[in-house]
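This report covers one protein chain, shown below.

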Amino acid sequence: MNKTINVVPWRVVEVKALGGYMLDLTFRDGSRKIYDMKPNLKFPPFQQLDNPGLFALVKIGGDSICWPGDIDIAPEELYENGILLSEGYQPAPGERCLNCGQKVRMKSEAQVEACRENLKKRKSKGGRPINPYSKRQLAIREKTLSDG
């Protein structure tokens, strides 16, 4: 059975702490970036990381990175604002993912724009609250825990 998946490029697959509160990151698409954490150290969730010993304990956690004490950062932030060292490979629709071998499905620009418009409409009406105990949310949580 061939599964088709949507691939997000920002999943972190490798991380290394560098001096000066810098991170060397490798993402799912193969791109490599450097991310400077120093500007984030002034915000409460990251203030504990001002200790170089704790900062060096960075590891992969789900799609992103984390430190002891449940400190983490969004993978999208790392991907979008990191300094590019080397380009990654983004497979074309129908090609197989290099990491998992499944066929890749990409949304067209029109589909992406329609998704953004729908999201704006939902937010303008207040959106629908997520039930953390719904079957879908429980399945997502269970999958996340089994992947990590």
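## Salt bridges

In this predicted model, Arg11 is partly exposed, because its relative accessibility is 22% and the buried class ends under 20%. The side chain of Arg11 meets that of Asp63 in a salt bridge, with N to O at 3.4 Å. Arg11 sits in the loop between strand S1 (4-5) and S2, and Asp63 in the loop between strand S5 (59-61) and S6, so the pair ties together parts that are 52 residues apart in sequence. Asp63 also counts as partly exposed, at 35% relative accessibility.

The structure holds two salt bridges. Asp24 and Arg32 form a salt bridge in which the closest N and O atoms are 2.6 Å apart. Asp24 is buried, with a relative accessible area of 11%, whereas Arg32, at 35% relative accessibility, counts as partly exposed.

## Sheet

Four strands make up an open sheet, ordered S2-S3-S4-S8, with antiparallel pairing. Strand S2 (12-18) and strand S8 (83-86) are its edges, each pairing on one side only. From one strand to the next, the twist averages 25 degrees.

Within the sheet, strand S3 (residues 22-27) pairs with strand S4 (residues 32-36) over five bridges, in the antiparallel sense. Met22 stands opposite Asp36 in S4.

In soluble globular proteins, nonpolar side chains tend to be buried together. The largest nonpolar core here has 20 residues, and those touching the most other members are Leu23, Leu25, Met37, Leu49, Ile65, Trp67 and Leu78. Two or more residues come from each of S2, S3, helix H1 (52-55), strand S6 (64-67), strand S7 (71-73) and helix H2 (75-81). The largest contribution is that of S3, with three residues.

Which residues are in contact with Leu49, leaving aside neighbours within four places in sequence? They are Tyr21, Met37, Leu41, Leu54, Phe55, Trp67 and Ile71.

## Chain overview

The chain has four helices and nine strands. Read from the N terminus, its elements follow the order β-β-β-β-α-β-β-β-α-β-β-α-α. Of the contacts with a separation of 6 or more, 47% are between residues 24 or more positions apart.

Buried residues account for 25% of the 148 residues in the chain. The accessible surface is about 10,500 Å², and carbon and sulfur atoms hold 53% of that surface.

Definitions and conventions. Residues numbered from 1 in each chain as written. Predicted model: local features only at pLDDT ≥ 70, side-chain atom pairs only at ≥ 80, totals over all residues. Heavy atoms only, no water. Pairing = 2+ DSSP bridges. Axes fitted to C-alpha atoms, helices over the stretch in contact; angles between N-to-C directions. Core = buried A, V, L, I, M, F, W, Y, C linked by side-chain atoms within 4.5 Å. Buried < 20%, exposed > 50% of the residue type's maximum accessible area, 1.4 Å probe, protein only. Contact = heavy atoms within 4.5 Å. Areas by Shrake-Rupley, 256 points an atom, 1.4 Å probe, with all protein chains shown as cover. Salt bridge = Lys/Arg side-chain N within 4 Å of Asp/Glu carboxyl O.
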